[in-house]
Amino acid sequence: MSGTFTRITPPRVKVGLVAGGLGAYWPQFPDLLPQLRRSSARVAERMEALDCEVVDVGFISDAQEGAVAAEKLRAAGCDLIVGFLTTYMTATMLVPIAQRSGAPVLLINLQPTESMDHATFDTGQWLAYCGACPLPEMANAFTRCGIPFRSVSGYLEDERAWERIGRWVKAAGVRAALGRGRHGLMGHLYPGMLDVATDLTLVSANLGGHVEVLEFDDLRVRVEKVAGDEAAARVELAREVFELDGSVNEEDLQWAARVSVGLDRLVEDFALDSLAYYHRGLDGEIHERLGAGMILGASLLTARGVPAAGEYELRTSLAMLIMDRLGGGGSFTELQALDFARGHVEMGHDGPAHLAISSRRPLLRGLGVYHGKRGWGVSVEFDVTRGPVTAFGLRQDRDGGYGFVVSEGEVVEGPLLQIGNTTSRVDFGCDPGEWTDAWSASGISHHWALGTGHRLAELRAVADLLGAGITHVQPGR
């Protein structure tokens, strides 16, 4: 499906890199600094391979050089600062960098190889392996200065360590996407859904970013201006991306295509990174028709990397954005049924959906009515690709803080409803009733994002950088 429409390209994560060691060593051990610089160059090379923009301010040997590096990194506006502890160094060299940058800091201790040659090494050669020595000092100083602390220890070519470093880089990219994000909220709350209601100020307080409050009329005026050839092209795109069920009414498809083009313009005009929407409407008037015509366009937007969630579910559209930026897609989801005979939880929604994680070519089905909503039209039907998945949502606590709720499972084979819904069977490795009780007890709303892959470790990193709590739902384990 990647060849049929273009995904957005998020900005690359900007990583500030500074390496350092204690300058008193250099005259004592002339071969040490050249070796540490070689290690530093290798780290910079590996960082570049993580598809991030590296701002390398070089090697520091004392507090004065650390202060100069701090100003360079502050001015660069980095998303993450990586401090490479090549050997022993004092906390005064890195604390100012952490204080002034405004970005989270990751300390890495990567010695040259897995182990020293103890029989032949002298003091200078040992010092190249001594990056672990200052790590507790940094942790202590950071804690006392109120700076969150995180680290990765290993050796230069340790793939396990680089996997963890890559996780922090990816998490920093998600944090930056939320901090810079513009999130559309269009229409009004689905009547009675207290769990969905979101204080907009809390989005900025917890995640950063901006919530743009929109009217359905903002969409209406753009749909009215869609030309016939634009709508026809969108119909052709729909025929290319989807399998069309015989129930699809041509007039409904044409209308959904016009709404889709209008949605694209809305997103472009307001520079939106996500969208949550709902409008009830009455008696077939234009706002009801717009609300009922959203699923095609919203699904195409979601697959392009601009997640769109129905029922005014702002926190779920944000969860979908997080999951998408982690590479897991993230489709709008709620509980549908429990299959106790097979041990599965059935979950999905009537759209919109993340088309990129479908197990097959997604189906467009015509509906005479949307259950619980007004209107009629076309809806998306598929199940998520078989294999590991993560259910993930944002919880709002009584004190206004946000928390992550995460559970890992596996999408498995089994019978699926054919009613124009996205439906997946998820095996969480326990009784489906026990899982449902534990998931509900977490304080999650009744919507969340379902994404591919097991993402708990990545989501822990994102939660850490955001200062958010995380609840891992794993009953019976």
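Predicted model: local features only at pLDDT ≥ 70, side-chain atom pairs only at ≥ 80, totals over all residues.
Trainee: Which element gives the largest share of the lining of the largest pocket?

Mentor: The largest pocket holds about 670 Å³ of space and is lined by 30 residues, with P10, P11, V13, G173 and R325 nearest its centre. Two elements give two or more residues to this lining, namely α6 (159-180) and α13 (314-325). The largest share, eight residues, comes from α6.

Trainee: From which domains does the lining of the largest pocket draw at least three residues each?

Mentor: By class, this lining divides into 13 nonpolar, eight polar and nine charged residues. At least three residues come from each of two domains, and these are domain 1 (14-178) and domain 2 (181-472).

Trainee: Which elements each supply at least two residues of the lining of the second largest pocket?

Mentor: The second largest pocket has a volume of about 180 Å³. Its lining includes A98, Q99, R175, D464 and L465, and by class has seven nonpolar, two polar and three charged residues. The elements that each supply at least two of the lining residues are α3 (95-101) and α15 (456-466).

Trainee: Why does the largest nonpolar core lie between domain 1 and domain 2?

Mentor: This core has 72 residues, and V43, M47, I108, L110, I165, F392 and F404 touch the most other members. The element that gives the most to the core is α6, with nine residues. The core lies between the two domains because residues are given to it by both domain 1 (14-178) and domain 2 (181-472).

Trainee: Which residues does I165 touch, leaving aside those up to four places away in sequence?

Mentor: I165 is among the residues of the largest nonpolar core that touch the most other members. With residues up to four places away in sequence not counted, I165 touches M47, L50, L106, I108, L110 and V152.

Trainee: How many residues does the other core, lying apart from this one, contain?

Mentor: The members of this other core include A238, L300, L364 and V426.

Note on methods:
Residues numbered from 1 in each chain as written. Heavy atoms only, no water. 1 Å grid on protein atoms, 1.4 Å probe; cavity = no way out; pocket = protein on both sides within 12 Å on 5 of 7 lines; lining within 4 Å. Points joined across faces, edges and corners; volume = space filled by probe spheres on them. Helix = DSSP H or I, 4+ residues; strand = E, 2+ residues; numbered from the N terminus. Nonpolar A, V, L, I, M, F, W, Y, C, P; charged D, E, K, R; others polar. Domains from an automatic or database assignment. Core = buried A, V, L, I, M, F, W, Y, C linked by side-chain atoms within 4.5 Å. Buried < 20%, exposed > 50% of the residue type's maximum accessible area, 1.4 Å probe, protein only. Contact = heavy atoms within 4.5 Å.
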